[in-house]
Amino acid sequence: MASSVTKEISYEDLKALLGKSQNLLLVDVRNQVEVDKGRIPGSVHIPIDTVEAAFAMEPEEFKAKYGAAKPPLDAPELVFHCQMGRRGATATGMANQLGYLNARNYTGGYSEWSDKEGK
C-alpha cells in the first residue's frame, strides 16, 4: 500500500530547481482562467481533471499534447502546483498512484509564488 503522505517542495527549493535543472517537469493543474492571469515560468499546464489521463498517455502522445517530455516513473523532479496547494496535493497523489513515487506538491502554489516574485 502506497503511503498517503504527499511529498512537498518549498518555494526556495522549487526556485533553485527551476534555475539549475534540465529535468524538472513543473505541472500547473489550475484551470485556464487562472493560468491566463499568470503562471510560473517553465510550467506545463495540465488541468487537474486531466492529470490522470495525461500521465497514463504514451510518451509520444504526451509530448505532442503538452510540448514536454513525459517523465519516467522514477523521475526525481516532478512537481505539481495549483493556486493554494490543495489541487496540487490531489494531483501529486494521483501521480503517486500511477507509480511516480518522487512526485511532489509545491504547497505554496501560484499564490505564494506571485507574492514572492512580486508579480
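This tour moves through the structure one selection at a time and states what is found at each stop.

The model is predicted, so local features are reported only at pLDDT of at least 70 and side-chain atom pairs only at pLDDT 80 or more, while totals for chains, interfaces and linings use all residues. Residues are numbered from 1 along each chain as its sequence is written, and side-chain values use heavy atoms, with hydrogens and water left out.

**Stop 1: the largest pocket**

Select Gln 22, Asn 23, Leu 24, Leu 25 and Glu 77, which lie nearest the centre of the largest pocket among its 18 lining residues. On a 1 Å grid over the protein atoms alone, a pocket is an open set of points where a 1.4 Å probe fits, with protein on both sides within 12 Å along at least five of seven lines; lining residues have an atom within 4 Å of a point. The volume of this pocket is about 260 Å³, a volume being the space filled by probe spheres set on grid points that are joined across faces, edges and corners. Its lining comprises 12 nonpolar, four polar and two charged residues. In this division Ala, Val, Leu, Ile, Met, Phe, Trp, Tyr, Cys and Pro count as nonpolar, Asp, Glu, Lys and Arg as charged, and the others, Gly among them, as polar.

Keep Gln 22 selected: this residue is in the loop between H1 and strand E2 (25–28). Helices (H or I, at least four residues) and strands (E, at least two) are DSSP runs, numbered from the N terminus. Gln 22 is exposed, at 75% relative accessibility; the classes are buried (under 20% relative accessible area), exposed (over 50%) and partly exposed (in between), with a 1.4 Å probe and protein chains only. From Gln 22 to Glu 77 the C-alpha distance is 9.4 Å, although 55 residues separate them in sequence.

**Stop 2: His 81**

Next, select His 81 in strand E4 (residues 78–81). Its relative accessible area is 0%, so the residue is buried. Beyond residues up to four places away in sequence, His 81 touches Leu 26, Val 27, Asp 28, Val 29, Arg 30, Ile 40, Ser 43, Gly 88, Asn 105, Tyr 106, Gly 109 and Tyr 110. Contact here means heavy atoms within 4.5 Å.

**Stop 3: helix H5**

Gly 88, Ala 91, Thr 92, Met 94, Ala 95 and Asn 96 are buried in H5. The buried residues of this helix pack against helix H3 (51–56), E4 and strand E5 (104–106). Gln 97, also in H5, is exposed at 70% relative accessible area. After the helix comes Gly 99, with a positive phi near 110°.

**Stop 4: the salt bridges**

How many salt bridges does a search of the whole structure find? There are three, each a side-chain nitrogen of Lys or Arg within 4 Å of a carboxyl oxygen of Asp or Glu.

- Select Glu 117 and Lys 15, whose closest N and O atoms are 2.9 Å apart. Glu 117 belongs to helix H6 (residues 109–117) and Lys 15 to helix H1 (residues 11–20), so the pair ties together parts 102 residues apart in sequence. Glu 117 is partly exposed at 21%, and Lys 15 is partly exposed at 37%.
- Select Asp 28 and Arg 30, whose side chains meet at 2.8 Å, N to O. Both residues are buried.
- Select Arg 87 and Glu 34, with closest N and O atoms 2.8 Å apart. Arg 87 is in helix H5 and Glu 34 in helix H2 (residues 32–36), so this pair ties together parts 53 residues apart in sequence. Arg 87 is partly exposed at 26%, whereas Glu 34 is buried at 17%.

**Stop 5: Lys 70**

Finally, select Lys 70 in the loop between helix H4 (59–66) and E4. Lys 70 and Pro 59 are 11 residues apart in sequence and 5.3 Å apart in space, C-alpha to C-alpha. Leaving aside neighbours within four places in sequence, Lys 70 is in contact with Phe 55, Ala 56, Met 57, Glu 58, Pro 59, Phe 62 and Tyr 100.
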